[in-house]
Amino acid sequence: MRRRSAPWLRRFRPGRWVVAAVPLLWLGLFFGLPFFIVVRISLSETVIGLPPYSALLEWIEGGMLSIRLNFANFALLWQDSLYLDAFINSVRVAATATLLCLLLGYPMALGIARARQSLRIPLLLLVILPFWTSFLIRVYAWIGILKGNGLANNVLLWIGWIEQPLPLLHTDFAVHLGIVYGYLPFMVLPLYATLSRMDSSLLEAAADLGCRPSRAFWRVTVPQSRPGILAGSLLVFVPAVGEFVIPDLLGGPDTLMIGKVLWSEFFNNRDWPVAAAVAVALLVLLVAPVLLFERLRERAQPR
Amino acid sequence: MNGKRPSLVFSLLAFGYAFLYAPIVSLIVYSFNESRLVTVWAGFSTKWYVSLLHNDQLLGAAWVSLRIAVMNATLAVVLGALAATALVRFGRFRGRPALALMVGAPLVMPDVILGLASLLLFVAMEQLIGWPAGRGMTTITIAHVTFSLAYVAVIVQSRLVRQDPSLEEAAMDLGARPWKVFFVITLPLIAPALAAGWLLAFTLSLDDLVIASFVSGPGASTLPMVVYSSVRLGISPEINALATVLVVLVTSGIAIAGWLLHRREARRQLAE
């Protein structure tokens, strides 16, 4: 179906203009413009005062405009191994957690897509429901489960699998678990969307031609669901790289993640320019995945 | 993952649901625990709910959060519906790529970046034009609208795409004016999507810790900010009680919304 503009909009030119301009202005002012300000402040110096950064543009005598760019913050990111390690570790943790999310989410989405028609919506709602309850509180729930004398250790001791409580909380394991738990619905939903749209006659044809089900799964189902895999992975990976709450509450003091570093630069060290430089570096890292995600979304829409 | 044995798929599905719900169930169970030690069961008690009722700090923060969430959801639905209409029904126009990007990006952008960027904008605006003076509920609401309108737009977009414009065309051909077509035809058709978007924007705002922490000021602590600072000090059964109240409220809210939508849909099918 070709995209047609609605007739009331076609005839009502001024209205059409307003409809597009209002959200465009809002997002431009409160979402687009701030990124330029972040870049600008990442290039200024830290000063004591409020706001705690130096002005970038200065009128010097004779009406000349001088621009002072200060790349020291970016040099710091490059030289101090703390930042580079945090970036590498964030990408590694996010990538591993995304993979685990896919391994758990794919069978779930497949199970829902192949369930009886009347069961699909309730099953889907059950996946979405935890997403509606507070993220912070769901992360908090894991503290009670994972801590030294928590539920998980008590159960494991009771079964007799372990003799001593395991250190589960404040580990990288807990961070991975938290990300998989928090972002699982974001993986299942796009996977379900592609899997439920899949033409089941393809699988029947494969079976008729003598293809074993496991082979049909890898050769037919998985390739067909590629847009869902990609969209789900990006929806988990990109926010997970910058995640703050999970590494802060479930990770240990040595869990270096960039969201946590940015937070502590800003709130503990009160170093706004360095925090802005960390944000710019994170944006540069994420710009390719974000654009890829945007292209997927555009293509997924029927025209 | 083997297509031949669907039982494997279904047992993994069951495992997935257990994984999703076990922490929530344990949270609720321990909210009724007598002992302050969350992990040691010492008998049934509702005392944490009583002490929750007397925790003025938490209740005050909940009131702040609630007001922000309502303002945010209402503004986000209006702006998100406008953005979705422009993206779905206008074909190609000059601002479209920018609009599509700015609607899509907040869905995946890490919170810390959104929070820092919004704060730096508010500080710069205050220096330049003196507004917003200081930070508090207004700045939190603006920052929340900016990212939750993206979620609303996605929901409304998927509804508009599925909807045939011929109904609107017919009304136009019969001489209805554009605003009348919108309010009589388009709005009722996208109303379920608007309701879902409002609820989602409401919970997103109620849930946000990171962005609110950046753009908040003295005197405007939201519920997640207070919960976070008490969680940092260790677990407390009071938070479990609060979590249980929230889970019950959200679940019943969604159940009622789902039931209303279902009834509406059933009536429409009956009418056809």
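This is a predicted model: local features need pLDDT of at least 70, side-chain atom pairs count only at pLDDT 80 or more; totals for chains, interfaces and linings use all residues.
Visitor: How many residues of chain B are in contact with chain A, and what area do the two chains bury between them?
Guide: On the chain B side, 103 residues are in contact with 104 residues of chain A. Carbon and sulfur atoms account for 79% of the area buried between the two chains, and that area comes to about 9,500 Å².

Visitor: Which side chains form the salt bridge between chain B and chain A?
Guide: The count between these chains is one salt bridge, and its N to O distance is 3.8 Å. One partner sits in helix H12 (residues 245–250) of chain A and the other in helix H10 (residues 223–232) of chain B. The two side chains are those of A:Asp248 and B:Arg232.

Visitor: Is A:Asp248 buried or exposed?
Guide: Burial requires a relative accessible area under 20%. Because A:Asp248 has a relative accessibility of 13%, this residue counts as buried.

Visitor: How many residues apart in sequence are the parts that B:Glu168 and B:Arg89 tie together?
Guide: The side chains of B:Glu168 and B:Arg89 meet in a salt bridge at 3.0 Å, N to O. B:Glu168 lies in helix H7 (residues 166–173) and B:Arg89 in helix H3 (residues 56–89), both of chain B, so the pair ties together parts whose separation in sequence is 79 residues.

Visitor: What is the relative accessibility of B:Glu126, which forms a salt bridge with B:Arg135?
Guide: In this salt bridge the closest N and O atoms are 3.8 Å apart. B:Arg135 is partly exposed at 23%, and B:Glu126 also counts as partly exposed, with a relative accessibility of 30%.

Conventions
Residues are numbered from 1 along each chain as its sequence is written. Chains are lettered from A and ligands numbered from 1 in the order in which they are written. Side-chain values use heavy atoms; hydrogens and water are left out. Contact means heavy atoms within 4.5 Å. Buried area is the accessible area (1.4 Å probe) that two parts lose on being put together, summed over both. A salt bridge is a side-chain nitrogen of Lys or Arg within 4 Å of a carboxyl oxygen of Asp or Glu. Helices (H or I, at least four residues) and strands (E, at least two) are DSSP runs, numbered from the N terminus. Buried means under 20% relative accessible area, exposed over 50%, partly exposed in between (1.4 Å probe, protein chains only).
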